[in-house]
Amino acid sequence: HAHHSVSNNMVPGTLVFCRVSEHVFTTFFLAEFIFRLKVHGRQYYWPLTCSDRRANFVDAILVILTGVVVTWIVPLFFLIVRSDAYKPRLRALTLLRAVRIIRLVRVFRKVPLFREAWQLIRGLQDSMRTLGWTIVVIF
């Protein structure tokens with residue numbers, strides 16, 4: 001219901017931009033996955049060999065499941081059978097894409113150039129409990 005009301009209140013063209021962006025990003029993520037698979041092989045994504053590989057495995061699952069399957073395969077299937085019944089159920093899976101942001105946090109931690117940004121992120125993380133209680137008290 002919330003997605004429907006937000007979609008109806010968007011500026012014309014914004015919804016088209018979001019849909020096109022979804023396909024563009026899915027294409028880039030899939031290309032990255034394929035290039036890494038070609039360069040590093042399957043062991044790069046195998047989670048049992050190294051603890052760092054678990055993140056790669058989760059990343060691969062997110063690209064395949066929430067990217068390729070949810071963005072391309074399922075809509076194509078339901079287009080063929082002429083149904084829109086899949087849309088509400090798959091919206092929750094697209095939220096899993098936010099997990100990919102965790103990969104950026106790993107970059108922030110390791111690159112000295114982003115030291116100040118990392119400090120800001122840590123400060124926000126450390127203040128989340130206080131901010132949560134502040135919101136509860138206000139509302």
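Biologist: How many salt bridges does a search of the whole structure find?

Modeller: This is a predicted model, where local features need pLDDT of at least 70 and side-chain atom pairs count only at pLDDT 80 or more, while totals for chains, interfaces and linings use all residues. Residues are numbered from 1 along each chain as its sequence is written, and side-chain values use heavy atoms, with hydrogens and water left out. A salt bridge here is a side-chain nitrogen of Lys or Arg within 4 Å of a carboxyl oxygen of Asp or Glu. Searching the whole structure that way, the count is three.

Biologist: Which helix holds both Arg 36 and Glu 32?

Modeller: Their side chains meet in a salt bridge, 3.2 Å from N to O. Arg 36 is partly exposed at 28% relative accessibility and Glu 32 is partly exposed at 27% (buried is under 20% relative accessible area, exposed over 50%, partly exposed in between, using a 1.4 Å probe and protein chains only). The two are four residues apart, so about one helical turn separates them, in helix H2.

Biologist: What about Arg 122: which residue does Arg 122 form a salt bridge with?

Modeller: Arg 122 is partly exposed, with a relative accessible area of 35%. With the closest N and O atoms 4.0 Å apart, the partner is Asp 126.

Biologist: And how far is it from N to O in the salt bridge of Glu 116 and Arg 115?

Modeller: Arg 115 is exposed, with a relative accessible area of 52%, whereas Glu 116 is partly exposed at 47%. Their side chains meet in a salt bridge, and the N to O distance is 3.7 Å.

Biologist: Which element has the highest mean pLDDT?

Modeller: pLDDT is the predictor's confidence in each residue, from 0 to 100. The protein chain averages 78, and 74% of the residues score at least 70. Helix H1 (residues 2-8) has the lowest mean, 54, and the highest, 88, belongs to H2.

Biologist: What is the area of the nonpolar surface patch made by Val 16, Val 20, Val 24, Phe 25 and Phe 28?

Modeller: Patch residues have over 30% relative accessible area and no salt bridge, with like charges joined within 9 Å and nonpolar side chains (Val, Leu, Ile, Met, Phe, Trp, Tyr) within 5 Å. Phe 28, in helix H2, is exposed at 55% relative accessibility. Together with Val 16, Val 20, Val 24 and Phe 25, Phe 28 makes a patch of about 490 Å².

Biologist: The search also finds four aromatic pairs. What is the angle between the planes of Phe 77 and Phe 78?

Modeller: Rings of Phe, Tyr and Trp (its six-membered ring) pair if their centres lie within 6.5 Å; planes under 30 degrees apart are stacked, over 60 edge-to-face and the rest tilted. Phe 77, partly exposed at 48% relative accessibility, forms an edge-to-face pair with Phe 78. Their centres are 5.2 Å apart, and the angle between the planes is 85 degrees.

Notes:
Accessible areas come from the Shrake-Rupley method with a 1.4 Å probe; for residues, only the protein chains shown count as cover.
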